[in-house]
Amino acid sequence: MDHFALTAFSICIQAAVGMILFVAIGRLSTQNSTFKRAIISAAGLGTAGMIASLLHLGRPLHAINALFQFGTSWLSREIWFTAMFVGLTVLTAVLLYIKPQASGVITGLSATAALVGLIDVFAMAKIYSSASVPVWQSATTTVEFYAAALSMGAMLFFVLSMKEAGKMKKFVALAVAVVVAIQVAAVVPYFISLGASTSTALQASLVILGGLKPALAIKWLFILAGAGLILWLAKDELSKSVSGAVVGGAVLILVGQVIGRYIFYATMVISGVGLT
């Protein structure tokens, strides 16, 4: 249950961050586009992530105490930035629904939410890279989190706003391709290098990872296939067949990143004391 709740929380929040980022880029670069479905979906995902975060709190009082440790605790920073991001995203969706003519304010709110969300993703990554789990103590944790946020967010944004975002399809496809390329270039060599480590906890994590080889293969196959498909389709005009293939590419990337996140939590082997 813990892995499920943590996966749901981090995936929902990060996907919402990526979506609202591309919404902000779209609203700033195009005219007469509201991206209503994407904004409302981002607000829904953010809210779902907040709810999921409550499911893995073994000690709720610890989380409450963490609220007052913003200056010293990455957990505290994550809680605050997550709350601010979700609040701003929901406010953007509500304002778009009740006062759609306030275009400038909505665009400003979406851009602010995106900025706060990107900071939140960094705080989330720092919780794990600063934890007593050797396999997470690397910059690759941050790369994985940002790659998931940007690739999932870009694809969800484009699928939900295909007609409005038609002119952005090449930008979205290129962004996803670059992000996935960076993810592969950072993560794969890192895990290969772990084989030379003498750390007992790291070796235990590698044993767990070895038992998850089929899931790991599916993760990379889906992510690479999805990114490749989107990049290939970017040159074509949108049609029913192309749109359907874009949705297929989005599903591949989403499923791949979700599987990857589950593997991330499954390989946890603690060598010291808790999260900070």
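**Core, a buried arginine, and a pocket**

Arginine 77 is in contact with Phe70, Gly71, Thr72 and Ala123, leaving aside its neighbours within four places in sequence.

Before I go on, note that this is a predicted model. Arginine 77 sits in helix α4, residues 74–98. Which side chain of opposite charge is nearest to arginine 77? That is aspartate 120, and it is 11 Å away. A salt bridge needs a side-chain nitrogen within 4 Å of a carboxyl oxygen. Arginine 77 has no salt bridge, yet it is buried.

Next, the core. The largest nonpolar core has 75 residues, and among these Phe157 and Val172 touch the most other members. Helix α1, residues 2–29, gives the most to this core, with 14 residues. What does phenylalanine 157 contact, if we leave aside its neighbours within four places in sequence? The list is Met19, Phe22, Val23, Phe35, Ala38, Ala165, Met168 and Val172. In general, nonpolar side chains tend to be buried together in soluble globular proteins.

At least two lining residues each come from α6 (139–160), α7 (169–193), α9 (213–233) and α10 (240–266).

That is the end of my part.

Note on methods. Residues are numbered from 1 along each chain as its sequence is written. This is a predicted model: local features need pLDDT of at least 70, side-chain atom pairs count only at pLDDT 80 or more; totals for chains, interfaces and linings use all residues. Side-chain values use heavy atoms; hydrogens and water are left out. A nonpolar core is a set of buried Ala, Val, Leu, Ile, Met, Phe, Trp, Tyr and Cys residues joined through side-chain atoms within 4.5 Å. Buried means under 20% relative accessible area, exposed over 50%, partly exposed in between (1.4 Å probe, protein chains only). Helices (H or I, at least four residues) and strands (E, at least two) are DSSP runs, numbered from the N terminus. Contact means heavy atoms within 4.5 Å. Lys and Arg count as positive and Asp and Glu as negative; His and the chain ends are not counted.
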